[in-house]
Amino acid sequence: MTKAKKIHHFTKRDYSAFIYLLPWILGMLIFQLYPFLSSLVYSFCNYKITGTPEFCGLNNYIQLFTTDNEFWNSLMVTLVYTLYTVPGKLVMALAVAVFLNRNIRGINLIRTLYYIPSLFGGSVAVALLWKVMFMDTGVINSILNTLHLPSVQWLGDPSQALRTICMLEIWQFGSSMVMFLAALKNVPGDLYEAAEIDGAGKVRMFFSITIPQITPIIFFNLIMQTIQALQNFTSAFVITDGGPMKATYVLGMKLYKEGFSYFKMGYASAISWIIFIIIMVITMVLFSSSTKWVFYSDEG
Amino acid sequence: MTKQQKKTVKMILSYLVIIVIGCVLLFPIVWMISAAFKTNDEIFGSIKLLPASFSFENFILGWKGAGQYTYTTYFLNSFLMVIPTTLLTLASCSLVAYGFARFNFPFKKQLFGLLIATLMLPNSVIIIPRYVLFNKLGWIDSYLPFWAPALLACYPFFVFQMVQFMRGIPRDLDESACIDGCGTFRVFWQILLPLMKPALFSAALFQFLWTYNDYFNSLIYINSVSKYTISLALRLSVDAESVVVWGRVMAMAFIAVLPLILLFFAAQKYFVEGIATSGLKG
């Protein structure tokens, strides 16, 4: 019996699946796999868009890591940006979700209103809004002055500008919040009842029940937000144009400048592969550590 | 204090915190609307939320734009880019999802694994060769770089989401309803598609949102001002003038985000379900 089962003959109907899969197979090959492999090849080439790629070995990478000072700065700026925004966003989203996860009237309306900033994502409209609000004489400083606090050079001070841009990203914590709220609703109530009988306090319950129960969602958000943060472009480009003194010159901007202002396609591809490798390393570290801290209830 | 009183105090405190957070979160949006009615003098160095007068001059002059094109052109361009992209995404992704969810074919596991892997493929690593490819095809300065990947289901997020949704629809339904041997496409078209409305709706909303907000791709693929989308036009309005009239910029920025806000309120159920069930990011 088992032997007969193993040899599976695919019917005509089974093969007809490929008609439905055809768009994706083509798209995956043409617009995903082919570009993915070519950017790796380009990264080892001298390639101006008008000419043909010429193999130059590791030259692009060597130049990036040894002579291009801008690159090291961009790398640091991007990592700092990721380090601020990802935890910032997740902590914010989780705190608000935990706070909203109670029986209060109008919870749906509140959730809706809190989500609004996230609608705008990386749009130019909110980037411009940020730019106006945080100008030296902008409304944020006016508010500070009214409260008898000193003005801050939100966008002009190299040590502050990146943080101001991070605030825009953290402001948009809505989608993580909605996911956390859904996850919190699924935490079995009897766990809390049992903990209460055992005399556990609210804080203890939060760290021993709530957090472990929602680790899959935390894990998912951590990965997706990190991938997104490492590729940030619009806010840095529109609000500060990478300045002041390259303090917000993220890797996404460096990639844009090399690729689409100077059309150094090989050099830009090398940058894109470094971004990709950073993403891979972080993702792999997170995945391999996940067995230690991510809790899947259906595994028992 | 009695227990009842304690509860009331707690309730009031909760609402207070909720209102404070809400005010901080929504302040920028409210301020953007108010700035749309203000002059530069009112925007800078003042905390007054209400403008001196509710004149629509900023909207009228802002709409006219800086160059030879008005925002009518930019809006039409945006919709010409976004709407076909959204519709093509829905068509291609639902077909592919049908293939994965309802068929058993060779290398299914491997292909599905590949789909999941492309979920995490960052855009920046494929953007350069894509540009080179589109450049060779002569597609630069057209909306084809947006339409073609949508036609070919290059949005694994939506495929994955629809596969999950279709798996939730009982197989007996399509098998029994079409027991007389009707074709697989009719099963998809007449039975599954109508049942998939919520998934299609939330995919449509997010694809609309992402494509509409997108800036990087528009920036590299669209060159001539006559084809500019809203995001490019907004950026142009700041770059083109020596003295930026911020009230006009804010008026146009507000008009740019208005369709999103309206869409969100009209369809918030699908937004929330889309995020909560499949982890789509906004």
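1. Two residues are in contact here if their C-beta atoms, placed from the backbone, lie within 7 Å. In this predicted model, 77 residues of chain A are in contact with 74 residues of chain B. Helix α3 (residues 17–42) of chain A gives the most to the side of chain A that touches chain B, contributing 18 residues. By class, that side of chain A holds 52 nonpolar, 23 polar and 2 charged residues.

2. On confidence, the model has an ipTM of 0.90 and a pTM of 0.90. Chain B has a mean pLDDT of 88, with 97% of its residues at 70 or more. Among the elements of chain B, the highest mean pLDDT, 96, belongs to helix α7 (residues 144–151) of chain B, and the lowest, 71, to helix α15 (residues 268–278) of chain B. Where pLDDT is low, predicted coordinates should not be read in detail.

3. Chain A contains 16 helices and 2 strands. Its radius of gyration is 24 Å, well over the 19 Å given by the globule rule for 300 residues, so chain A is more spread out than a compact globule. The C-alpha trace of chain A spans about 85 × 70 × 35 Å along its principal axes.

4. Of the 300 residues of chain A, 42% count as buried. Among contacts in chain A with a separation of 6 or more, 69% are between residues 24 or more positions apart.

5. Helix α6 (residues 107–119) of chain A can be checked for length. At 1.5 Å a residue, its 13 residues should span 18 Å, and the end C-alpha atoms are 19 Å apart, which agrees. After α6(A) comes A:Gly121, with a positive phi near 45°.

6. Which residues of α6(A) are buried? They are A:Tyr114, A:Tyr115, A:Ile116, A:Pro117, A:Ser118 and A:Leu119. Their cover includes α5 (69–100), α9 (158–171) and α10 (174–185) of chain A, together with α1 (3–35), α11 (197–213) and α14 (246–266) of chain B.

7. The domain assignment divides chain B into domain 1 (3–60) and domain 2 (63–278). The C-alpha centres of domain 1 of chain B and domain 2 of chain B are 33 Å apart. Their contact takes 11 residues from domain 1 of chain B and 9 residues from domain 2 of chain B. On the side of domain 1 of chain B that touches domain 2 of chain B, α1, α2 (40–43) and α3 (57–64) of chain B each supply at least two residues. That side of domain 1 of chain B has 7 nonpolar, 3 polar and 1 charged residues.

Key:
Residues are numbered from 1 along each chain as its sequence is written. Chains are lettered from A and ligands numbered from 1 in the order in which they are written. This is a predicted model: local features need pLDDT of at least 70, side-chain atom pairs count only at pLDDT 80 or more; totals for chains, interfaces and linings use all residues. Helices (H or I, at least four residues) and strands (E, at least two) are DSSP runs, numbered from the N terminus. The expected span of a helix is 1.5 Å times one less than its number of residues. A residue is buried if 20 or more other C-beta atoms lie within 10 Å of its own, exposed if 12 or fewer, and partly exposed in between; C-beta atoms are placed from the backbone. Ala, Val, Leu, Ile, Met, Phe, Trp, Tyr, Cys and Pro count as nonpolar, Asp, Glu, Lys and Arg as charged, and the others, Gly among them, as polar. pLDDT is the predictor's confidence in each residue, from 0 to 100. Domain bounds come from an automatic or database domain assignment. The radius of gyration is taken over C-alpha atoms; the globule rule is 2.2 Å times the number of residues to the power 0.38.
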